[in-house]
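Reader: Thanks for sitting down with me over this one. Could you take me through the fold, starting with any term I need?

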Amino acid sequence: ISLLYRPLMQQLSRKYRHTPEQLFFSFVRSLGITPLTGSSSPVHLQQDLAALSLHMDTADLQALNELL
C-alpha cells in the first residue's frame with residue numbers, strides 16, 4: 001500500500017488539515033530533500049506551495065520515518 005494511503009498518513013492528514021501529498025512534501029523536506037513539483041493544475045501548485053508552511057511535530061515525523 002502506498003505511503004500516502006496508510007492509516008497513519010490519513011490520521012496525520014486530518015490532524016494537520018493538509019493533504020497526504022503535502023505531508024509527504026513536509027516529511028521529505030525534514031530529511032533535507034527538496035521535493036520537486038511539476039503540475040499544470042493551479043490547484044495542485046497552490047497545494048504544493050501551501051506545504052511549505054507545514055511543520056509537523058518531531059514525533060509525527062519519526063512515525064512517518066518508521067513507515068519507510
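Author: Happy to. Contact here means heavy atoms within 4.5 Å. Please keep in mind that this is a predicted model.

Reader: With that in hand, which helices do the buried residues of α4 pack against?

Author: Start with the residues themselves: in α4, D60, L61 and L64 are buried. They cover an arc of only 100° around the axis, which puts them on the same side of α4. The helices that these buried residues pack against are α1 and α2.

Reader: And which exposed residues sit on the face of α4 turned away from its buried side?

Author: Take A59, which lies in helix α4. Its relative accessible area is 56%, and exposed means over 50%, so A59 is exposed. The exposed residues on the face turned away from the buried side are T58, A59 and E66.

Reader: How far apart in space are A59 and H44?

Author: In sequence, A59 and H44 are 15 residues apart. From C-alpha to C-alpha, their separation in space is 27 Å.

Reader: Let's turn to α1. Within what arc do its buried residues fall?

Author: Helix α1 runs over residues 7-16, and its buried residues are M9, L12, S13 and Y16. Looking down the axis of α1, you find them lining one face of the helix, because they fall within an arc of 110°.

Reader: Is S13 buried or exposed?

Author: S13 has its place in helix α1. Its relative accessibility is 14%, and the limit for buried is under 20%, so S13 counts as buried.

Reader: Which residues is S13 in contact with, leaving aside its neighbours within four places in sequence?

Author: We already have S13 among the buried residues of α1. Once its neighbours within four places are left aside, S13 is in contact with H18, T19, P20 and L23.

Reader: Stepping back, what is the radius of gyration of the chain?

Author: The chain has 4 helices and 0 strands, in the order α-α-α-α along the sequence. For 68 residues the globule rule gives 11 Å, and the chain comes close to that, so it is as compact as a globular protein of that length. Its radius of gyration is 12 Å.

Reader: Among contacts between residues at least 6 apart in sequence, what share joins residues at least 24 apart?

Author: For scale, the C-alpha trace spans about 30 × 25 × 20 Å along its principal axes. Of the contacts between residues at least 6 apart, the share joining residues at least 24 apart is 58%.

Reader: Last one: how much of the accessible surface belongs to carbon and sulfur atoms?

Author: Buried residues make up 29% of the 68 residues in the chain. The accessible surface comes to about 4,600 Å², and the part belonging to carbon and sulfur atoms is 57%.

Key. Residues are numbered from 1 along each chain as its sequence is written. This is a predicted model: local features need pLDDT of at least 70, side-chain atom pairs count only at pLDDT 80 or more; totals for chains, interfaces and linings use all residues. Side-chain values use heavy atoms; hydrogens and water are left out. Buried means under 20% relative accessible area, exposed over 50%, partly exposed in between (1.4 Å probe, protein chains only). Helices (H or I, at least four residues) and strands (E, at least two) are DSSP runs, numbered from the N terminus. The arc is that of the directions from the helix axis to the C-beta atoms. The radius of gyration is taken over C-alpha atoms; the globule rule is 2.2 Å times the number of residues to the power 0.38. Accessible areas come from the Shrake-Rupley method with a 1.4 Å probe; for residues, only the protein chains shown count as cover.
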